[in-house]
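I opened my notebook for this model and looked up a handful of features. My entries follow.

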Amino acid sequence: MNAVLIALLALPLLGAALMLAPIGDRQALRLGTTVTGGTLLLSVVLAAGFDHDDPGRMQAVTDVSWIPALDVRLHLGVDGISLPLLVLTALLTFLCALYSVRKLPAGPGGRAFTGLLLLLQTGMLATFAVLDLVLFFLAFEIVLIPMYFLIARWGSGQKVAAANRFILYTLLGSAVMLLGFLLIGVQAGTFDMVALADAHGSGLSHTTQLVAALAVLVGLAVKAPAWPLHSWLPDAHTAAPTAGSVLLAGVMLKMGTYGLVRVLLPIVPDGTATFAPYLGAFAAVGIVYGSLACLALARKGAKGDLKRLIAYSSVGHMGFVLLGIASLTPTGLNGALFANVAHGLITGLLFFVVGAVKDRYGTADLDTLAGATGAALYGRAPRIGALLAFAAVASLGLPGLAGFWGELLAMYGAFDPAAGLSRPAFVTYMVLAGLGTLLTAAYLLIVVKRVCMGDPAQPAPVADLPDLKGYEAASWTPLAALTLLAGLWPALLLGLSDPAVKHLLGGG
Amino acid sequence: MATAHDLGQPLMTPLTPLAVADPGGLIQSVDWVAVAPPLIAALAALAVLVTDLFLPEARKRLLGWLSAAGLLAALAALLPLALGDTRSTFCFQSPGGGCSYTADHFALAFQLLALGGALLTVLLSLHTVETEELPGGEYWFLLLSSACGAALLPAARDLATLVIALEVATLPAFALVGLRRDGRGAESALKFFLSSVTATAVMLLGVSFVYAAAGTIQLQGIADGLAHAPGQLKPLAEAGAVLTLVGFAFKTAAVPFHFWVPDTYVGAPLPVAGYLSVVGKAAGLSGLALVTTLAFRPYGHTWGLVLAVLAALTMTFGNAAALRQRTDTPHGAVRLLAWSSVGQAGYLLVPLAAAGYAGTAEPLGATVAYALIYGLVNLGAFGAVALVGGSGRLDGFRGLAGRNRWAAFGLAFFLLCLAGLPPGVVGLFGKVVVFRSAVDAGLGWLAVVMAVNVVVALAYYLKWTALLFAPAAGEGAGEATGEAPGEAVAPRRTPAPLGAALGLAAVGAVVLSVAPQLVLQVVSGSLF
C-alpha cells in the first residue's frame with residue numbers, strides 16, 4: 001500500500017517535470033488529464049486498500065530518513081482524516097484538467113498551465129500525506145508558486161495585484177507557522193507528527209505550547225481563512241481562472257483546517273485549549289460576516305460579482321469548520337471534517353458552474369446578468385440553471401445533501417463543547433452560526449432567483465446561450481453525484497473520521 | 001627538499017653543539033597538505049602573471065583556462081583534508097601556544113565556498129574579459145590572489161594572519177572593480193577603496209588594543225587573556241573588540257557599513273560584482289565568525305546582542321531598498337541583486353548572533369550551510385544577468401522566457417532559491433536552519449523580524465520572476481510599458497563558459513534541492 005501512496009505523490013511531480021520537455025499545448029493538456037486521471041485511480045486504489053475497520057491507525061506508512069542533519073524524515077501515511085481529502089484533491093484536480101482540455105482560460109498556453117496544475121496537485125496531496133512538520137511546511141509552500149502564476153497569468157481583472165496579495169499574505173502566515181513548528185521541534189526533539197501527537201503535549205512547557213499554538217494558529221488561520229485574516233481570499237477567487245478557483249476553494253482552504261486538526265489539536269493541546277474560545281469567536285463572526293457580505297453583494301444594484309460572492313460564502317462555510325474544530329469535541333471535529341469535504345464538493349461545483357456562466361456572458365456581474373427581471377437560466381439554459389440551483393441549495397445546507405451534516409454537527413459540537421471551555425460562550429457562537437445559516441439561505445435563494453429565474457424573453461446581454469456541453473457534464477456530474485451521496489449516506493465519511501478523531505483527541 | 005636533507009645529514013652530525021638547546025625547534029615543519037588549497041591558488045596566480053608575459057595577444061584566452069585549472073586543483077586539494085582528520089600547522093612550540101593555521105571543518109567549508117565561488121566567477125568572466133577588453137593577465141592574477149586570501153582567511157587562527165588574509169582578499173578586489181576603463185569603474189573603485197581602507201585602519205587599531213589587553217594574538221589565547229585581563233584593561237579590550245568587529249562588519253556589508261555596495265557592484269565588471277557578493281562576503285563573514293566565537297567568547301552576550309541588532313537592521317534595510325528598485329532604472333538588475341545581497345547578509349548574521357547567546361559555536365553551522373547555498377545560487381543569478389546583458393534594466397528581462405527559455409528557467413530557479421520558496425527547496429531549507437538556530441538560542445524576536453523580511457524579499461524576487469514570464473514588450477496588449485522597442489536585448493548564442501557556469505550552478509542547486517543533506521550536514525557536524 002505504501003507504494004501506492006508514494007506513486008500518488010510522485011506521479012504528478014513526474015508529470016510536472018515532463019512539461020519542461022518540448023511538447024505541443026494540446027498534447028500537454030491531454031497528458032495532464034492522463035496523469036491526473038492516473039492519480040485519481042491511485043487514490044481510489046488507496047481508498048479501496050485502506051483498512052476501513054481501523055481508520056484511526058496510520059496506514060500505507062513510509063518512513064525513511066531524508067535530511068538527518070535536521071532530523072527530517074520522509075514520513076508518509078494516511079488515516080481516516082486524510083484519506084477523504086486525498087481522494088477529493090485527486091478528483092478535483094482531475095476534473096479541472098478534464099475541463100481545461102476543452103476550455104483553457106486565456107493565457108500563455110497549455111503546457112505551462114498543465115505543468116503548474118500538476119505541481120499544485122503535488123503540493124496539495126503532499127500536505128495531506130506527510131507526517132513530518134518540516135515536510136508539512138514544505139508541502140504548504142509548494143502550492144504557492146503554481147497558484148500565484150495560475151492567478152497572475154491565466155486570471156482576469158486585477159489579477160497580478162490579487163496574486164501578489166494571495167502569495168504574500170499566505171507566506172507571512174506560513175513563515176510564522178514555521179517558527180511555531182521549529183519551536184515545537186526544538187523543544188520536543190522531533191518533527192515527527194505521529195510521535196508528537198502520541199506524546200500529546202508532554203515534554204512541551206505550557207509557555208512553549210502557548211507561543212507555538214499561537215504561531216501555528218495564525219499561519220493556518222490565514223490559509224483557512226479565518227476572519228479577520230481572510231481579506232486575500234475574495235480578490236484571489238475573483239481573479240483566478242475557473243480551475244484555479246475550484247482548487248483554491250475546494251482544496252487549498254482545507255489545507256488550513258486540516259493543519260488545525262492534524263497539528264494544532266494533538267501536538268499542543270494545552271495551547272489549543274487556551275485559544276479555542278477565541279478561534280470559536282472568530283469563526284462565529286466569520287460566519288455572520290461572510291453571509292452579510294454575500295447578502296450585500298446579492299442585492300440589486302450592488303454590482304456584485306458572482307465569483308466574489310461565492311468566495312465570501314466560503315469565508316462563512318469555513319467558519320463552520322473552524323467552529324467545529326474550536327469546540328474540541330469529537331462531534332464538532334467530525335462535523336468540521338465532513339463540512340470540509342462537503343464544501344470542497346459543493347463549492348467546486350459552484351465555481352465550475354459560475355465560471356461557465358461567466359464564460360458565456362463575458363462577465364460575472366450579477367446586475368448585468370440579471371437585467372431587469374433575472375437571467376432566466378431555467379428558461380434559456382435549463383440544465384446549467386438546474387445545476388446552479390442544486391449547488392446553491394446544497395450550499396445552504398438542505399437536509400439530504402452534503403452541506404447539511406457538517407454544519408449541523410459543528411453547531412452541535414459548539415452546543416456542548418469540551419470540558420474546560422466556556423459553555424455560554426460557545427452556545428452564543430452556536431446561535432450566531434444558526435443566524436448565519438438563515439442568512440446563507442437568504443442570499444443563496446436571492447442568487448437563484450436573480451440568475452435562474454426571470455423572463456426568458458427580456459433582452460439579454462448575449463443572444464446565444466448554449467446549454468450544458470458534454471465536457472462540462474463530464475466534469476461536473478461526479479461532484480453533483482458525490483454531493484448527493486454524502487448527503488444521503490454521511491456514515492461513509494463519518495465512519496472514517498470518527499475513530500481517527502477520537503485517536504487524535506487522545507480518547508482511544 | 002628530500003635530497004638536501006639526505007646530503008645535509010652526514011655533514012651536520014659531527015658539528016659541535018649549537019648555541020640553542022633544541023635546534024630542531026627553530027625549523028618550522030610545515031604541513032604542506034594542510035596549506036595546499038590557498039597555496040595552489042597563490043601559485044596559480046603567479047603562474048598566470050608570468051605566463052602573461054610570454055603569451056601573444058591572440059592567445060591570452062588561455063590564461064582564463066589556466067586560472068580555472070588552478071582553482072580546480074586547489075579544490076581537489078580540499079578532498080584529502082575533508083576525508084582525513086583536522087590538521088594544523090605553523091604551530092608555536094612554546095607551552096600553551098596554538099597554531100596559526102588550522103584546516104578544520106569550518107575552514108574547509110569556507111575554502112570550498114571561496115575557491116568554488118572563484119571558479120564559477122572565472123567561468124563567468126571568460127566571456128566578459130573578452131567582450132569588455134579587460135587586461136587578461138592582470139584580471140586573472142588579481143582574481144586568483146583575492147581567492148587565495150579568501151581561502152586563507154577561514155583557516156587563520158591568529159589576528160595577524162587574519163588581517164593579512166583579509167587584506168590579500170580585499171586589495172586585489174579594489175583593482176578588479178576599477179579594471180573597467182570608464183568613469184563609473186574608477187569612481188566605484190575609489191568609493192570601495194576609501195571606505196574599505198578606513199574600515200581596515202579602524203580594525204587594525206582594534207586589533208592592537210586587543211593585543212595590548214590580552215597579550216597574545218592567538219585567537220584561543222585572546223579568549224583566555226580577556227577572561228583574566230586586569231580590571232583597568234577591560235575598557236581597552238572592549239573598545240578593541242568593538243573596533244575589530246566594525247572592520248569585519250564592513251566586509252560583510254552589514255548596515256550601517258553597506259552604502260558602498262550598490263555603486264561598487266554597478267561599476268564593477270558583472271562577474272566581479274558576483275564575486276564580491278559571494279566570496280568577498282564569505283571572507284568577511286568567516287573572519288567575523290572566527291573573531292567572535294573564538295577570540296571574544298567571554299563577551300558572548302554583548303556581541304551577540306550587537307550582532308542580532310545588526311542582523312535585523314541589515315536585512316530590513318537591504319530588503320526595503322531592494323523593494324524600492326523600479327523596473328526602469330539603468331542597471332536595475334545588478335542594483336537589485338546588490339541590495340538583496342545586503343538583505344541576505346542579514347540572514348547570514350543571525351546564526352552568529354545566536355552563537356553569542358548560546359555560548360557555543362554550534363549555531364555557526366547554519367551560517368556555513370546558508371553561505372554555501374547562497375553563494376551557489378547568487379552566482380547563478382549573476383551569471384544569468386550576464387547572459388541576458390543589455391542595459392541591465394529589469395524591464396529588459398520582460399518576456400525572457402519567450403526568447404531564451406532555459407535562461408529564464410534558470411534565473412527563476414535561482415531567484416526562488418534566494419527567496420526560499422519551492423521549487424527552490426534548498427533555499428527554503430537554508431532559511432529553515434537559520435530560523436532554527438535563532439529559535440534554539442531563544443532569539444524569538446529576531447526570528448520574527450527575519451520572517452517578515454523573508455516575506456518582503458519575496459515581493460521583489462517574485463516581481464522579477466514574474467517579469468521573466470510576462471508577455472514580451474509590445475506583444476501583450478496593454479501590458480507594454482513606455483520602453484523603446486528593441487530595448488529587450490535578445491541574447492546571442494550562449495558563450496560556452498557562461499553556459500557551463502550557469503549549468504553548474506543550476507545542477508548544483510537542483511541536486512541540493514533533492515538531497516539537502518549534502519550541504520546541511522555541516523549543521524550537525526562539529527566545526528572546530
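**Entry 1: where the chains meet**

I began with the contact between the chains, where contact means heavy atoms within 4.5 Å. It takes 28 residues from chain A and 39 residues from chain B. This is a predicted model, in which local features need pLDDT of at least 70, side-chain atom pairs count only at pLDDT 80 or more, and totals for chains, interfaces and linings use all residues. Residues are numbered from 1 along each chain as its sequence is written, chains are lettered from A and ligands numbered from 1 in the order in which they are written, and side-chain values use heavy atoms, with hydrogens and water left out.

Next I looked up the buried area, the accessible area (1.4 Å probe) that two parts lose on being put together, summed over both. Chain A and chain B bury about 2,900 Å² between them. Of that, 82% is on carbon and sulfur atoms. Which three residues supply more of chain A's buried area than any other three? They are Ala69(A), Leu70(A) and Leu179(A), with 19% of the area that chain A buries against chain B.

I counted zero salt bridges between chain A and chain B. A salt bridge is a side-chain nitrogen of Lys or Arg within 4 Å of a carboxyl oxygen of Asp or Glu. Four residue pairs, both at pLDDT 80 or more, are in polar contact between the chains. A polar contact is a pair of N or O atoms within 3.5 Å; within protein, one must be able to donate a hydrogen and the other to accept it, and residues adjacent in sequence count only if both atoms are side-chain atoms.

Then I asked which element of chain A gives the largest share of the side that touches chain B. Helix 7 of chain A does, with 11 residues. Helices (H or I, at least four residues) and strands (E, at least two) are DSSP runs, numbered from the N terminus.

Helix 7 of chain B covers residues 159-178, 20 residues in total. It reaches 29 Å from its first C-alpha to its last, close to the 28 Å expected at 1.5 Å a residue. The expected span is 1.5 Å times one less than the number of residues. I found 14 of the 20 residues of helix 7 of chain B buried, so the helix is largely enclosed by the rest of the structure. Buried means under 20% relative accessible area, exposed over 50%, partly exposed in between (1.4 Å probe, protein chains only). At the start of this helix, a side-chain oxygen of Asp158(B) reaches to within 3.0 Å of the backbone nitrogen of Ala160(B).

Helix 14 of chain B has 27 residues and reaches 40 Å, close to the 39 Å expected. Of its 27 residues, 24 are buried. Gly359(B) follows helix 14 of chain B, with a positive phi near 80°.

Most residues other than glycine have a negative phi, and most peptide bonds are trans. I looked for exceptions. The bond from Val255(B) to Pro256(B) is cis, with omega near 5°. Another cis bond joins Pro422(B) and Pro423(B), where omega is about 10°.

Asp71(A) has a positive phi near 60°. Asp71(A) sits in the loop between strand 1 and strand 2 of chain A. His200(A) has a positive phi near 55°, and lies in the loop between helix 8 and helix 9 of chain A.
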